[in-house]
Amino acid sequence: MEDFILHRRSIRRFQDKAVEVEKMNQLYEAARWAPSWGNQQCCELVVIEDPEMRGKLAALLSAKNPATKSFEQAPVIIAVCGMPKKSGYYKDQQVTRYENWFLYDLGIVSQNICLKAVELGLGTVIVGSFDHDKAEKLLSVPDGCELVSFIVLGYPDHAPSPPKRKTVPEFVHFGKYSTQ
Ligand SMILES: Cc1cc2nc3c(=O)[nH]c(=O)nc-3n(C[C@H](O)[C@H](O)[C@H](O)COP(=O)(O)O)c2cc1C
């Protein structure tokens, strides 16, 4: 079986080819089945195909962001939004040390989408560095919901080599955390 985890790469150049509705529906299903805090399912997705809107969003990334050009090139951008007060809260009270569990939930949704995309022959890049306030306004994200990241999506036009990763012993600790 092909290892989608190993073969997923951040893709920043895309073919001029639309993504089929059937494949988009499979991506939404993959997102739907992600685990979430208390099964609160705080995630909301905005799917953007309109080239004019993609251009406006591209302008909210810095020119140095390696994903900027892909916003105009890729056929689809998914804005990953979430309700902060749904994850890690019980009756509006924060119940653990961390106040932003919704980011964790959205990360899992994003990974489900990115891995499913690989299975479908598609490529993605997650983008987290942009002017969030302006992007929320452009996309009419309502109060109580926050736009966290974008997933740029389409058919890949390159096959980047994998960036270096830590080796397993560099970050896996057995029994106790070891600093040696
Ligand atoms: C939360 C998050 C935010 C990211 N933001 C950006 C970004 O703003 N621009 C970009 O080009 N890549 C972005 N990336 C992609 C990473 O640079 C990429 O995942 C990393 O270099 C490892 O490469 P790989 O995905 O090919 O394994 C982001 C990834 C994550 C998980």
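Helix H2 (residues 21–32) and helix H5 (residues 101–119) have axes that come within 8 Å and cross at roughly 145°. Axes here are lines fitted to C-alpha atoms, for helices over the stretch in contact, and angles run from 0 to 180 degrees between N-to-C directions. Helices (H or I, at least four residues) and strands (E, at least two) are DSSP runs, numbered from the N terminus. This is a predicted model, in which local features need pLDDT of at least 70, side-chain atom pairs count only at pLDDT 80 or more, and totals for chains, interfaces and linings use all residues. Residues are numbered from 1 along each chain as its sequence is written, and side-chain values use heavy atoms, with hydrogens and water left out.

The crossing of H2 and H5 is right-handed. A crossing is right-handed if the near helix is turned clockwise from the far one by less than a right angle, and left-handed if anticlockwise.

Which residues of H2 and H5 meet? From H2 come Gln26, Leu27, Ala30 and Ala31. From H5 come Val109, Asn112, Ile113, Lys116 and Ala117. The residues of this contact divide into 6 nonpolar, 2 polar and 1 charged. Here Ala, Val, Leu, Ile, Met, Phe, Trp, Tyr, Cys and Pro count as nonpolar, Asp, Glu, Lys and Arg as charged, and the others, Gly among them, as polar. Contact means heavy atoms within 4.5 Å.

H5 also holds Ser110. Ser110 is buried, with a relative accessible area of 4%. Buried means under 20% relative accessible area, exposed over 50%, and partly exposed in between (1.4 Å probe, protein chains only). Leaving aside neighbours within four places in sequence, Ser110 is in contact with Val80, Ile126, Ser149 and Ile151.

## One face of H3

Helix H3 covers residues 51–58, and its buried residues are Met53, Arg54, Leu57 and Ala58. Seen down the axis of H3, these fall within an arc of 145°, so they line one face of the helix. The arc is that of the directions from the helix axis to the C-beta atoms.

Ser70 lies in helix H4. Is Ser70 buried or exposed? Ser70 counts as buried, at 0% relative accessibility. Beyond its neighbours within four places in sequence, Ser70 is in contact with Arg12, Phe14, Val125 and Val152.

Arg12 lies in the loop between helix H1 (4–7) and H2. Arg12 counts as partly exposed, at 33% relative accessibility. Not counting residues up to four places away in sequence, Arg12 touches Pro66, Ala67, Ser70, Gln73, Val125 and His158. Arg12 and Gly123 are 111 residues apart in sequence, yet 8.4 Å apart in space, C-alpha to C-alpha.

## Salt bridges

Side chains of opposite charge can pair when their charged atoms come close. A salt bridge is a side-chain nitrogen of Lys or Arg within 4 Å of a carboxyl oxygen of Asp or Glu. How many salt bridges does a search of the whole structure find? The search finds 4. Among them are these:

| Salt bridge | N to O distance |
|---|---|
| Glu29 and Arg32 | 2.9 Å |
| Lys116 and Glu119 | 3.3 Å |
| Asp131 and Lys134 | 3.9 Å |

Glu29 and Arg32 both lie in H2, 3 residues apart, about one turn of the helix. Lys116 and Glu119 are 3 residues apart in H5, and about one helical turn separates them. An α-helix has 3.6 residues a turn, so residues three or four places apart point the same way.

Glu29 is partly exposed at 37%. Glu119 is partly exposed at 42%. Asp131 is partly exposed at 28%.

## Positive phi in two loops

Asn39 has a positive phi of about 55° although it is not a glycine. Asn39 sits in the loop between H2 and S1. Ser140, another residue other than glycine, has a positive phi near 55°. Ser140 is in the loop between H6 and S6, and is exposed, with a relative accessible area of 60%.
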